[in-house]
Amino acid sequence: MFRKRNAVSSDRILKLNSIGFIWDPLEHAWIEKFNQLRAFKAQNGHCNVPRSDAQNVSLAQWVNKQRVLYKKNAVSSDHIQQLNSIGFVWDYLGLVMNKTNLWHNGSAIKERHTRRTP
């Protein structure tokens with residue numbers, strides 16, 4: 001009887017699992033970054049890691065990459081759900097622009113309704 005070339009016995013799977021073998025390194029790396037982002041949010045109250053944050057350069061790059069991949073429809077639904085669950089903002093630039101417009105519009109409204117003295 002021939003065994004499949006890439007088949008792993010259940011005994012070997014158990015042994016590998018017992019020593020912490022990582023079966024999917026890409027998923028493992030994603031989960032590690034996601035957990036770092038959760039910790040960042042717990043400390044800072046948001047998920048928008050600034051690129052200028054010297055302590056979180058790698059995390060800021062990962063966050064930006066998630067946004068880029070999302071625009072290309074290249075993020076799994078599971079990852080989208082996980083990021084949504086912690087309040088991840090997919091369009092940070094849009095959020096910033098919206099807040100800026102609200103601020104400017106608010107200033108314009110306030111200026112129009114403020115009585116000027118001669």
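A polar contact is a pair of N or O atoms within 3.5 Å; within protein, one must be able to donate a hydrogen and the other to accept it, and residues adjacent in sequence count only if both atoms are side-chain atoms. Such a contact, of 2.6 Å, joins the side chains of Lys33 and Ser58.

The model is predicted: local features need pLDDT of at least 70, side-chain atom pairs count only at pLDDT 80 or more, and totals for chains, interfaces and linings use all residues. Residues are numbered from 1 along each chain as its sequence is written, and side-chain values use heavy atoms, with hydrogens and water left out.

Lys33 lies in helix H2 (residues 25–44); helices here are DSSP runs of H or I with at least four residues, numbered from the N terminus. Lys33 is buried and has no salt bridge, its nearest side chain of opposite charge being Glu32 at 7.5 Å. Buried means under 20% relative accessible area, exposed over 50%, and partly exposed in between (1.4 Å probe, protein chains only). A salt bridge is a side-chain nitrogen of Lys or Arg within 4 Å of a carboxyl oxygen of Asp or Glu. For charge, Lys and Arg count as positive and Asp and Glu as negative, while His and the chain ends are not counted.

Not counting residues up to four places away in sequence, Lys33 touches Ser58, Leu59 and Trp62, where contact means heavy atoms within 4.5 Å. Leu59 is in helix H3 and is buried, at 2% relative accessibility. With the same exclusion of neighbours within four places, Leu59 is in contact with Lys33, Gln36, Leu37, Phe40 and Val49.

**The salt bridge in H1**

The count is 1 salt bridge. Asp11 and Lys15 form a salt bridge, with their closest N and O atoms 3.4 Å apart. Both residues lie in helix H1 (residues 10–18), 4 residues apart, about one turn of the helix.

| Residue | Relative accessible area | Class |
|---|---|---|
| Asp11 | 45% | partly exposed |
| Lys15 | 53% | exposed |

H1 is hardly covered, with 0 buried residues among its 9. Gly20, which follows H1, has a positive phi near 80 degrees.

Methods. Helix = DSSP H or I, 4+ residues; strand = E, 2+ residues; numbered from the N terminus.
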